Structure formats: C-alpha cells, structure tokens
Amino acid sequence: MSASFATAWYFAALLFFIGLYCMAASRNLLRQLIGLEVMSKGSLLALIASGAMSNLSLAQAVIITMIVIEVVVVAAGLVLLVKAYRMNGGVDVWKLSSLKG
Amino acid sequence: MIEYREFLYIAVTLCALAAVMSKNMLTSAISLAAMSVGVALVLFDFNAPWAAVFELSVCAGLITVLFISAVSLLRREEAFFAEDRTRFRLLPIFTLIVAIGGWIAGWPFFEALADYARFGARGQSLGSMLWETRRMDLLGQISILAAGVLVINSVFAARKAGK
Amino acid sequence: MTISLLHYMLIPLFSALLIPFVARRRGRLAEIFASVTLLAGLISIGGTLLNPAVLASGFSALGEDGFSLLMIFTVYLVGLCVAFFSASYGEGRGVNTTYFYPLLLVSVSAMCGAVTSTDFFTLFIFVEVLAVASFALMTSDDSKEGLEGAVKYYLLTFPASAAIMLGLAVMLLSAGTFSFDSIRIIIYSGASAPALVFSLSLMLLGFLVKSGVVPFHVWTPDSYQGSYAPVSAFLAGIVTKISGVYAVVRIAMFLRLFETGAFRLSEVLMFLGMVSIAVGAIAAMKQDDFKRMLAFSSISQVGYIVLAAGLATPLAFIGAIFHLFNHATFKTVLFLNSASLEKAAGTRDMNKLGGMEHPMPWTSWTSVIAMLSTAGVPPLSGFWSKIIIIIALWDAGAVTYAVLALLFSALTLGYFVVMQRRIFFGKKSAAAETAAEVSPALLAPAVLMSAVIVAAGLLFPYFFSYLAETIASRMVL
C-alpha cells in the first residue's frame with residue numbers, strides 16, 4: 001500500500017516539475033497554460049493517492065470540485081489570451097513590460 | 001516487471017513531456033488530452049469512477065476543445081511559434097536529473113509520509129459525501145461557474161461594442 | 001461554513017447573476033443595483049456587530065467567529081466604497097458596467113464565502129473564485145497596463161494554487177478531513193504532527209505568494225499600478241488581503257497549537273514579514289508614480305500582519321487582525337484618492353504634482369489622514385494596531401523584531417511626510433493651477449473611509465474588547 005502511494009507521489013512530483021519548468025521557460029502564454037494543466041494533473045494524482053490511503057469518497061468529491069475549478073481557470077486564462085492577442089497582436093508575455101521600478 | 005498502474009504513470013509523464021516539448025501547438029493540445037485520458041484511467045484504477053468520468057469528459061473533452069479553438073484562433077500569427085527551442089530540448093535531461101534525484105531523495109520521503117496515513121470515515125457513499133458533508137463545495141462550484149460565465153461574457157460583449 | 005452567515009455570500013451572488021439581465025439596456029441600473037446590494041449587506045452586518053444587546057454584553061453575545069464577522073464588515077465596506085466610486089469615475093472610460101458590477105459582486109460573495117468557511121478546501125475554492133473574478137476586473141478598462149498586471153497575477157497565483165492543492169493532498173492523507181475543528185482536534189491529539197506541519201507549510205507557501213509577501217512580490221506592484229483605478233483600490237484594500245493574508249493568519253492560528261515542530265515555520269513567517277516591511281518601505285521611497293509607491297507601501301503593511309501572525313500570541317493576533325482591518329480602510333482611501341488626483345491633474349507622477357492642497361482640499365486632507373494612519377500617528381487607528389504588534393513582539397521576547405518594526409514605522413512616517421510635501425503641500429505646480437476638486441460623488445467614499453479611520457482610532461477600546469472577547473479569549477491556549 002505505501003509503495004503504491006510513494007509511486008504515485010513520485011510521478012506527481014515529476015509532473016509538477018515538468019509543468020513548473022514549462023511555465024518558467026516559455027514566453028508563450030498558451031504554452032504556459034499547458035504547463036499549468038500539467039501541474040494541476042500532478043496535484044490530482046497526489047490527491048487520489050492520498051485519498052486511497054485515507055478517505056476515498058472525500059478524495060473523489062474533492063477531485064470533482066477541482067476539475068470544475070480547473071476548467072474555469074483554463075477558460076479564464078484563454079479569455080486573457082484572446083484579450084492579449086486582440087490588444088497587442090501577440091501572446092509573448094515578455095513584451096508586456098511597460099511597468100517597472 | 002512493470003505493473004498496469006506504473007505503466008499508466010509512465011505514459012502520463014511521457015504525454016506531459018510531449019505536450020510541453022512539441023513545437024506544434026495542436027500536437028501539444030492533443031498530448032494534453034492523451035495525458036488526461038491516462039489520468040482518468042489511473043482514477044478508475046484507484047476505484048474512483050466518478051472522478052474518472054469527470055476527468056474524461058471535462059479535462060480530456062472540454063479543455064481540449066478550448067485549447068484547440070484557441071490554437072486555431074492564433075494560428076495565423078507567424079511570430080507566435082518563434083520561440084527559443086533550446087530550453088525545451090533541455091527539458092528531458094532536467095527531467096531525468098529530477099527523476100534520479102527524486103528516486104534517491106524523494107522516494108524515502110514519500111514512503112515516510114505514507115506512514116502518517118490516517119484512516120478517515122470510510123463507508124460514506126460519494127452521494128452523501130457531496131450532498132451532505134461537502135454541500136458548501138457545491139455552492140463554491142456554482143459561484144466559480146458564475147464567475148467563469150461572467151468573465152467569458154465580458155470579453156465577448158466588449159467585442160460586440162468594439163464592432 | 002457558518003450557516004448563519006450564508007446570506008452574506010448568497011445575496012451578492014444572486015444579485016450578480018441578475019444584473020446582466022436587468023441592466024442590459026440601461027447601464028445605470030447595474031450601478032444602482034450593486035450599490036444597493038452592498039449597502040444592504042453593510043447595514044445588516046453593522047447591525048449584527050453594533051446592536052445594543054451585543055454592545056451591552058461586551059460582545060460576548062456574538063456566537064459566530066469574530067474574525068469572520070469583522071472581515072465581512074470590511075469586505076462590504078470596501079466593496080460599497082469601490083462600487084460607489086466607480087459609478088461616477090467610470091463614465092466615458094469604455095468600461096462595460098453590465099459585467100463590471102456583477103464581477104465586483106461575485107468577488108464580494110467569494111470573499112464572504114472564504115472568510116466564513118470552516119474548512120480548508122472550501123476556503124481554497126472561494127479563493128480561486130476570487131482570483132478568477134479579480135483578474136477579469138483588472139483588465140476591465142482594456143488598457144495594456146491592466147492586461148500586463150492581470151497576466152502577471154495569473155501566472156503567479158495559479159501555480160501557487162497548485163502548491164495549495166499539494167498541501168491539501170498531504171492534509172487529506174494525514175488527517176482524512178479538511179474541517180478546521182477536526183484538524184484542531186487531531187493536532188491536540190498529537191497524531192501525525194510532522195505530516196500536518198508539512199501540509200500547512202505547503203499551503204502557507206501558496207497563500208504567501210497570493211498575498212505578495214517579499215520573495216513573491218513580483219506581481220503585486222505591477223497589478224496594483226496597472227489595473228483600472230477603482231479596481232486597484234479594491235485589490236489592494238481587500239482582495240489580496242482576503243485571498244492571501246486572511247488564510248495566512250488562519251493557518252498561523254493552527255501552527256501555534258503544535259507542541260513542537262512548528263516553531264521553525266513560525267520563525268520563517270516572522271522573518272518573511274520583517275523582510276517585507278523593510279523591502280516595501282525602502283522600495284516605496286524610490287518611486288515616482290503615486291500608485292506604485294502605494295503598492296510598495298502595501299507590501300510593507302502586509303509585512304506587519306505576517307510578522308504578527310508568525311509570532312502567534314493572542315495579543316499578536318489581535319494586532320494582526322486589527323491591522324488587517326485598518327489596512328483595508330487606509331489603503332482604499334489612498335488608492336481612491338490617487339484615482340481622483342489622476343482624474344483632476346492628469347498625472348500620477350509625483351514630480352509633476354505639488355501644491356494640490358489648494359485646488360483639492362477634500363482629497364488632500366482625506367489622504368493626509370490615511371497616510372498618517374498608515375504611518376502610525378496617534379490617535380488614528382493605524383497607531384493602535386502597530387503599537388499592539390510591537391508590544392506583543394516585545395512581550396514575547398522578540399526584541400530585535402520589535403525594535404526593527406518600530407524603526408521601519410518611523411521610516412514609513414518619514415517617507416509619507418516627504419510625499420505629502422511633494423504632492424499636497426509645497427509649491428504650486430502647473431498641474432495644481434488647472435486642477436479642480438472632483439465631484440462630491442467621488443469624494444464621498446474617501447470621506448466615509450476617513451471617518452471610519454478616525455472613529456476606529458478614537459473608539460479603540462471598543463475594538464480591543466471586541467477582538468479580545470471574540471477572538472483571543474476563544475482561542476484555546
């Protein structure tokens with residue numbers, strides 16, 4: 001049981017790293033959104049592994065809510081992307097650097 | 001001997017790598033969908049069928065549709081794809097380093113963490129869990145959906161006014 | 001969630017869903033609808049807090065959590081001021097009122113949901129709702145700066161949410177539940193303490209990013225400076241305070257229950273708070289843009305709250321919560337006045353402003369009150385919260401922190417005095433020659449808030465007994 005838990009968390013941490021790296025390395029807002037998706041998939045794996053060890057139906061309820069949150073967050077991010085595209089004609093986040101100090 | 005679940009984990013990780021590294025955004029979106037399918041299979045395997053169904057329909061379905069429509073919207077732009085690729089080519093190496101490091105340091109940590117597992121109230125069905133214990137979460141879901149609808153509408157309304 | 005407080009969350013939500021239908025043809029209706037909803041909520045919560053029976057009993061008649069009640073009051077107060085202000089400010093700026101006010105109401109509702117939740121996962125959901133609504137609000141005037149602020153906010157706040165999700169996973173593993181009460185009992189029993197500390201520290205990491213404490217403050221100045229002017233008052237005054245700082249204070253209340261093992265985490269929290277105070281104050285001195293300077297000063301004030309939360313004695317919590325309330329009042333005044341100044345003088349650059357006191361006496365004097373309160377000048381409210389925090393630090397033996405907090409408080413006073421000379425007093429600038437006082441509708445929120453600042457300072461004994469009775473005495477030692 002605990003070995004299976006450790007495997008799940010190991011891969012969850014790996015996914016978390018890949019997503020974080022993607023968000024940090026990319027300049028493209030769409031790719032950063034993909035990185036965010038990968039990160040949240042990692043957290044989902046971690047949650048279900050924890051739930052299997054303790055309280056599975058609670059974990060399932062939590063995951064369902066989290067999926068709903070995730071889709072709204074991604075949709076809102078895409079709305080932001082569309083807005084950025086319309087206003088600047090690009091989705092390069094480093095071009096957005098008028099504010100400094 | 002790799003078991004079914006480990007095979008799924010490896011597939012999910014490979015899909016994640018593909019989603020992050022592929023040059024074409026459409027491939028990325030499809031790899032992301034494949035990854036979601038993999039996660040849904042893991043959820044089935046963990047005996048969480050309802051969560052798996054949600055994952056399959058919402059993440060593998062809806063989010064992929066959203067991504068693909070965004071990609072097709074932005075496709076015309078040439079500069080969009082011009083990105084420094086070397087950082088992404090380095091990703092498998094970094095991932096390998098993290099994987100080996102995680103094997104040495106992370107694994108024992110997670111195994112130690114598993115010892116703190118506390119068996120909560122089992123036997124409550126998902127329905128009673130959602131509708132009785134987690135009633136407030138449903139309210140939260142309603143408000144996040146309301147927020148999402150308003151955010152999306154505000155942008156489309158602005159476009160109408162602009163035209 | 002506390003059921004008796006549910007309507008504070010539900011009514012704005014319904015109202016928000018109604019507005020797009022009611023106000024489709026006439027944008028004015030949206031403003032009226034939103035202001036009336038918020039005013040009704042404010043009167044209701046004010047009545048709960050200040051009714052004679054409660055006052056006579058010395059606040060012990062209040063059954064609910066005092067922290068939640070005070071935060072609901074603050075949320076409605078700031079929400080009402082911002083809604084009222086943007087009703088006259090927004091004319092001719094291309095803001096779509098049919099969606100601006102509903103988003104404002106959704107965030108008010110989400111904040112009430114967050115502060116009344118009695119469960120870590122519910123808190124997390126409402127914080128996410130708040131994040132989604134607030135970054136849409138930031139871009140509501142379709143400016144490039146607003147978009148930049150929103151993108152930076154998005155890119156930092158949602159990875160932070162992923163960290164919180166991992167923390168929740170560890171909590172699920174080690175406790176099997178998310179409810180505050182059960183977690184409290186589990187901490188008492190001493191079971192699986194290391195795993196719980198680990199889980200709380202992951203969550204703290206996420207919430208510290210969301211509150212913009214120093215190593216994670218990259219997004220704060222840009223978002224505050226770039227967003228649509230009334231929205232920056234809303235963000236700086238209450239949104240980031242609820243989505244980040246409130247949760248940090250809540251978690252700190254749990255950290256103090258551990259017998260051992262959480263001391264290091266508390267120390268890290270105190271250290272980060274101190275660094276925020278220092279970095280925010282020093283960076284604020286170097287700014288030329290009024291709004292950006294206020295943003296850095298906000299980071300510095302959040303530092304005081306985090307420092308007190310890290311100390312985690314009952315007195316420190318009273319100071320932290322009172323400072324949270326005070327910060328909401330004075331930062332709202334300052335950000336709203338910066339919008340008025342920009343509207344009247346056409347610039348926020350402090351080098352081009354000067355002598356604004358002559359054409360704009362009301363704006364100037366309300367700003368001066370708010371600044372003096374921020375800097376901690378007696379008898380304004382900011383003085384009391386800072387002095388409580390410093391006394392609590394001294395009492396607990398953290399003498400170095402107490403002295404440093406006092407020094408940086410003096411520094412805050414210094415740069416605010418300098419800034420007052422640059423903007424409001426001193427030689428009349430070209431901008432001051434042409435500027436005129438803004439309309440009474442724009443002044444009313446600032447005047448109301450200044451009255452609250454003065455009243456909270458003068459009626460401090462009541463505040464103290466409220467906080468002591470409903471929060472400190474109910475915290476189990």
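This text describes the interface of chain C and chain B, and then a nonpolar patch on chain B.

The model is predicted, so that local features need pLDDT of at least 70 and side-chain atom pairs count only at pLDDT 80 or more, whereas totals for chains, interfaces and linings use all residues. Residues are numbered from 1 along each chain as its sequence is written, chains are lettered from A in the order in which they are written, and side-chain values use heavy atoms, without hydrogens and water.

Chain C brings 35 residues and chain B 21 residues to the contact (heavy atoms within 4.5 Å). About 2,400 Å² is buried between them, 78% of it from carbon and sulfur atoms; buried area is the accessible area (1.4 Å probe) that two parts lose on being put together, summed over both. Tyr99(C), Val129(C) and Leu173(C) supply 21% of the area that chain C buries against chain B, more than any other three residues.

One salt bridge crosses the interface (a side-chain nitrogen of Lys or Arg within 4 Å of a carboxyl oxygen of Asp or Glu). Asp119(C) and Arg134(B) form a salt bridge through their side chains, at 2.7 Å from N to O.

Chain B also carries a nonpolar patch on the surface, with about 880 Å² of accessible area together, whose members include Ile2(B), Phe7(B), Leu14(B) and Phe44(B). Patch residues have over 30% relative accessible area and no salt bridge, and nonpolar side chains (Val, Leu, Ile, Met, Phe, Trp, Tyr) are joined within 5 Å; accessible areas come from the Shrake-Rupley method with a 1.4 Å probe, and for residues only the protein chains shown count as cover. Helix α1(B) gives the most to this patch, with four residues, and Leu14(B) lies in that helix (helices are DSSP runs, H or I, of at least four residues, numbered from the N terminus).

Key
Patches are made of residues with over 30% relative accessible area and no salt bridge: like charges are joined within 9 Å, nonpolar side chains (Val, Leu, Ile, Met, Phe, Trp, Tyr) within 5 Å. Helices (H or I, at least four residues) and strands (E, at least two) are DSSP runs, numbered from the N terminus.
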